[in-house]
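Dear colleague,

Please find below the sequence and structure that I am handing over to you. My findings follow directly after them.

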Amino acid sequence: EMLGAQGVYRGSSILITGTPGTGKTSIVAKFCENTCLQGQRAILFGYEESSAQILRNMRSVGIDLQPHIDKDLLQIQSSRPSLHGLEQHLLTMQDLVQKFQPSVVVIDPISNLSLDNIENDAKPTLIRLIDFFKQQQITTMYTSLVSNDSTSEPSQFGVSSLMDTWLQLRNSEFNGERNRTIFVQKSRGMVHSNQVREFVLSDQGIRLISPYVGADQVLTGTARVAQEAIELAKAELRRQDHERRLRQLASKQKTISAQIAALQAEAEAEADE
């Protein structure tokens with residue numbers, strides 16, 4: 001719904017940014033799962049966790065990737081960014097993609113590939129990587145870690161302008177709890193939502209919930225639940241009051257009808273006499 005009820009274009013590049021714990025890996029894992037459920041292949045390049053950790057952690061949020069690995073529809077390639085240079089990582093990705101022929105590639109996170117000398121080395125290499133996937137018509141999803149103290153929109157090493165769709169995840173703290181939110185920063189060539197949605201992870205999977213939008217505030221989490229309960233209680237009171245008024249009106253109509261019948265009977269009696 002947030003992407004014009006159409007999803008993303010095949011062969012496009014999607015960037016997902018957020019601070020730690022916002023759910024970036026969960027989204028890309030779900031994207032891989034849905035790709036495999038459609039009978040297409042996907043590769044997930046992980047640079048933070050091992051393959052076993054990714055499988056275990058995703059099961060905790062209702063995403064089971066192991067069956068798709070068993071069917072040879074999904075590959076998870078995990079390695080440390082420091083194990084090779086950036087160029088070697090790029091060559092490894094290209095070799096695996098050409099052998100496996102996936103429809104979807106996920107890089108989680110792309111920011112870990114550029115820990116050293118972002119401006120001079122990483123940007124040209126990452127641009128070549130993005131162009132390679134676009135030429136192969138492979139839909140690619142990148143995650144990127146941003147710092148907690150970021151006060152402006154991150155530039156993402158200057159490659160964000162090459163992305164077709166940019167989703168931002170954020171943690172918001174209010175009323176003694178932390179809640180996740182998601183919104184579409186941009187999505188080229190399609191109508192997309194400008195609303196911020198609450199992003200919920202549970203053992204039942206991923207859910208996007210519209211936050212409560214009041215006259216002067218936007219509420220998420222338990223504050224949203226409490227406000228919705230208040231609104232439901234008010235609606236119930238209005239319904240009960242409406243029913244009471246309808247009963248009063250029906251009773252009054254019966255009384256008036258009885259009075260009319262009595263007057264008619266009296267008039268007929270006088271006419272007979």
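Thr-140 is a buried residue, its relative accessible area being 1%. Please bear in mind that the model is predicted. Thr-140 belongs to strand β5, which covers residues 139-145. Its side chain comes to 3.1 Å from the backbone oxygen of Ile-138. Leaving aside neighbours within four places in sequence, the residues in contact with Thr-140 are Ser-12, Ser-13, Ile-14, Val-105 and Phe-133.

As for the chain overall, its secondary structure comes to 6 helices and 11 strands. The chain has 273 residues, and buried residues make up 40% of them. Of the contacts between residues at least 6 apart in sequence, 70% join residues at least 24 apart.

The parallel strands

Strand β2 (residues 42-46) is largely enclosed by the rest of the structure, because 5 of its 5 residues are buried. Both of its faces are covered: Ala-42, Leu-44 and Gly-46 are buried on one side, and Ile-43 and Phe-45 on the other. β2 pairs in the parallel sense with strand β3 (residues 74-78) over 5 bridges, and Ile-43 has Gln-75 in β3 as its bridge partner. A further 5 bridges join β2 to strand β4 (residues 104-108), also in the parallel sense. There, Gly-46 is partnered by Asp-108 of β4.

Asp-108 also takes part in a cis peptide bond, which leads from Asp-108 to Pro-109 and has an omega near -10 degrees. Pro-109 itself sits in the loop between β4 and α5 (118-135).

The antiparallel strands

Strands β6 (residues 165-174) and β7 (residues 177-187) pair in the antiparallel sense over 10 bridges. Together β6 and β7 form a hairpin with 2 residues between them, and Asn-175 in the turn has a positive phi of about 60 degrees. One of the bridges pairs Ser-172 with Asn-179 of β7. β7 is in turn joined by 3 bridges to strand β8 (residues 197-202), and these two strands run antiparallel. In that pairing, the bridge partner of Arg-180 is Phe-199 in β8.

Backbone geometry

Most residues other than glycine have a negative phi, and most peptide bonds are trans. Asp-72, although not a glycine, has a positive phi of about 60 degrees. Asp-72 lies in the loop between α3 (66-70) and β3, and counts as partly exposed at 36% relative accessibility. Gln-101 is likewise not a glycine and has a positive phi of about 55 degrees. Gln-101 lies in the loop between α4 (86-100) and β4, and at 53% relative accessibility it counts as exposed.

Cysteines and helix α1

The count of disulfides comes to 0. For Cys-32, the nearest cysteine sulfur is that of Cys-36, 6.6 Å away, so Cys-32 is in no disulfide, given that a disulfide calls for sulfur atoms within 2.5 Å. Cys-36 is in no disulfide either, its nearest cysteine sulfur being that of Cys-32. Cys-32 is buried, with a relative accessible area of 0%, and Cys-36 is buried at 4%.

Thr-35 lies in helix α1 and is buried, with a relative accessible area of 7%. Not counting residues up to four places away in sequence, Thr-35 touches Gln-40, Arg-41, Ala-42 and Val-104. Of these, Ala-42 is one of the buried residues of β2.

The largest pocket

Where is the lining of the largest pocket drawn from? At least two residues each are supplied by α1 (24-37), β5, β6, β7 and β9 (205-209). The largest share, 5 residues, comes from α1. The lining has 28 residues in total, and Leu-3, Gly-7, Phe-31, Asn-34 and Met-141 lie nearest the centre of the pocket. The space in the largest pocket is about 810 Å³.

With kind regards

Notes. Residues are numbered from 1 along each chain as its sequence is written. This is a predicted model: local features need pLDDT of at least 70, side-chain atom pairs count only at pLDDT 80 or more; totals for chains, interfaces and linings use all residues. Side-chain values use heavy atoms; hydrogens and water are left out. Helices (H or I, at least four residues) and strands (E, at least two) are DSSP runs, numbered from the N terminus. Buried means under 20% relative accessible area, exposed over 50%, partly exposed in between (1.4 Å probe, protein chains only). A polar contact is a pair of N or O atoms within 3.5 Å; within protein, one must be able to donate a hydrogen and the other to accept it, and residues adjacent in sequence count only if both atoms are side-chain atoms. Contact means heavy atoms within 4.5 Å. Two strands pair if DSSP finds at least two bridges between them. On a 1 Å grid over the protein atoms alone, a cavity is a set of points where a 1.4 Å probe fits but cannot get out, and a pocket is an open set with protein on both sides within 12 Å along at least five of seven lines; lining residues have an atom within 4 Å of a point. Grid points are joined across faces, edges and corners, and a volume is the space filled by probe spheres set on the points.
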